[in-house]
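Here are my notes on this model, as requested. Please read them with the structure open.

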Amino acid sequence: MRLILSLDYEVFFGAKTGSVEKTLIEPTRALSKVASRFAAPLVFFVDAGFLIRLRERKDDAGRSDYSKVRNQLDELVKQGHEIQLHIHPHWEDSVWDGTKWVIDTNRYRLHDHSPEAIRSIVKRYKNELDEVAGSDNVFAFRAGGWVLQPFADLRESLWDAGIWLDSTVYRGGLETSETHSYDFRGAPAMSRWWFDDDPLLPSSEGRFLEVPIASYRLPPSFYWQLAWFKKFGSARHRSFGDGSAIPLGRNDLAAKLFKSTYSVVSMDGFKASFISRAVRNYQVEKLDDFVVIGHPKALSEYSLDALEKSLSHMKQVDFVGYSFYRQERSARTQVLE
């Protein structure tokens, strides 16, 4: 089995975005130390919109934060980790008021923007990351908030920017809040697949490769435990990040608390506790690819310890990045041509 450790490199989008130091720099540094002990490459889906807005600030604190982030990204590339494209288009409307970021999520979905604006956003955000990693090395995409559908609205903009791999879908995923809206319940029980218009519909002639995030079915009791740890847990369970997230929608919260639901397999917080079980399930299903997601801002001492223990007990697992699939794409392109 191939295992990919992926991170959405971003600040918080709630009332308090959190500091660059606590939400990005420190937890990423701590995670890198864990990964290095297993010679495991990390993949960072960098929120390019934030990087652009940070670079545009003219105040000393803004320049300092941009320097910290850019230096860390440069160092990650030197260490052999990957930088890939993550888009949260609400940065088009959010502003720095002189003391804090004022986040405007009225156009949180990329689909909330016009076709011309989508093309511009994808191109500008991709170009920003090309400056960090090189244009040939930025070819994978993860939609902000998992809002990938309808993919046909994004397809040509991504393709024209050199994006041919997506890693957003997770089997069984469903959310219908004001900001997050996606339905992955129709995703195939496959390790990866090629597609064209619809990321849930495999196509023999599709131009895009979907390498889905691993998923795991959780009972309501898990979320009651999670709530308990957040309220009463020790410092080991506190996230490194010092900001606040967008609250879950009422319907989505109720679903998690009162019936079994699917979750991404995550290294964030208490969710890191079921990584090993999820890997074993995938191995039983004989699936070849297993993508773990995480967010530096949501890591904790507990989750890093749980991740390290999980990785140390895994058998017949190869740690890879999305670059592994370049050869498959090259061979496929020759056949299709």
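Predicted model: local features only at pLDDT ≥ 70, side-chain atom pairs only at ≥ 80, totals over all residues.

1. Residues are numbered from 1 along each chain as its sequence is written, and side-chain values use heavy atoms, with hydrogens and water left out.

2. The whole structure holds 26 aromatic pairs. Rings of Phe, Tyr and Trp (its six-membered ring) pair if their centres lie within 6.5 Å; planes under 30 degrees apart are stacked, over 60 edge-to-face, and the rest tilted. Phe151 and Phe195 are an edge-to-face pair, 5.0 Å centre to centre with 70 degrees between the planes. This pair links distant parts of the chain, 44 residues apart: Phe151 is in the loop between β6 (140–143) and α5 (155–160), and Phe195 is in strand β10 (residues 193–195). Helices (H or I, at least four residues) and strands (E, at least two) are DSSP runs, numbered from the N terminus. Phe151 and Phe195 are both buried. Buried means under 20% relative accessible area, exposed over 50%, partly exposed in between (1.4 Å probe, protein chains only).

3. Tyr182 and Phe184 are a stacked pair: 4.9 Å between centres, 25 degrees between planes. Both Tyr182 and Phe184 are buried. One aromatic cluster is formed by Tyr216, Phe222, Tyr223, Phe270, Phe274 and Tyr302.

4. Two charges over rings deserve a look. Arg57 lies over the face of Trp96, 3.5 Å from the ring centre. The charged end of Lys297 sits over the ring of Phe12, at 4.9 Å from its centre. The criterion: NZ of Lys or CZ of Arg within 6 Å of the ring centre and within 35 degrees of the ring normal.

5. Is Arg2 buried or exposed? Arg2 is buried, at a relative accessible area of 15%. Arg2 belongs to strand β1 (residues 2–9). Its side chain makes a polar contact with the side chain of Asp289, at 3.1 Å. A polar contact is a pair of N or O atoms within 3.5 Å; within protein, one must be able to donate a hydrogen and the other to accept it, and residues adjacent in sequence count only if both atoms are side-chain atoms. Beyond neighbours within four places in sequence, the contacts of Arg2 (heavy atoms within 4.5 Å) include Arg192, Asp318 and Tyr325.

6. Val77 lies in helix α3 (residues 60–78). Val77 is partly exposed, with a relative accessible area of 29%. Leaving aside neighbours within four places in sequence, Val77 contacts Ile83, Val132 and Ala133.
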